[in-house]
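This report covers contacts, overall dimensions and salt bridges. The sequence and structure come before the description.

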Amino acid sequence: AGALKTLQDERDTLLEDRSRKTDAHFVELERVREEHKKTSDAVAKDHAAALGVAEGAATDAKAALKRAEGALAGADRAAEVATAASATEHATALAEADKKRATALAEAEEKYAAALAATSETQAAALSET
């Protein structure tokens, strides 16, 4: 009877020890889950911010294209006015209009390319963090 009691006590001690270890394991698991959630939330916020920046850059690029379209329309109107002038004045006005058009297009293309590059870089950076 004494040996059985000793075995039961040892079993109880082992079960209590296992229970404590299991509880500690679950506490640690919960801590890791919370830490992972915080990290994931932070990455998601960073990603959202990066996308916001990218969307802003794309909006700026669209505005630049609209301004370029306005400049092109202005250049076209200048060309129309020039057609009423003499042949020399007409040639000069067309050259100026072409120059304005080329400048406006070059600026718009540069801004658009920069905005696309910024969008790609921010999205790539945000995705690499996830």
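In the protein chain, 76% of the contacts between residues at least 6 apart in sequence join residues at least 24 apart; contact means heavy atoms within 4.5 Å. This is a predicted model, in which local features need pLDDT of at least 70 and side-chain atom pairs count only at pLDDT 80 or more, while totals for chains, interfaces and linings use all residues. Residues are numbered from 1 along each chain as its sequence is written, and side-chain values use heavy atoms, with hydrogens and water left out.

The protein chain has 2 helices and 0 strands (DSSP runs: H or I of at least four residues for helices, E of at least two for strands). Its C-alpha trace spans about 125 × 15 × 10 Å along the principal axes. Of the 130 residues, 15% count as buried (buried is under 20% relative accessible area, exposed over 50%, partly exposed in between, with a 1.4 Å probe and protein chains only).

The whole structure holds 10 salt bridges (a side-chain nitrogen of Lys or Arg within 4 Å of a carboxyl oxygen of Asp or Glu). Three of them are listed here:

| Pair | N to O distance |
|---|---|
| Arg20 and Asp17 | 3.9 Å |
| Lys21 and Asp17 | 3.4 Å |
| Glu28 and Arg31 | 2.6 Å |

Salt bridges link Asp17, Arg20 and Lys21 in a network. Arg20 and Asp17 are 3 residues apart in helix H1 (residues 2-83), about one helical turn. Asp17 is partly exposed at 28% relative accessible area, and Lys21 is exposed at 55%.
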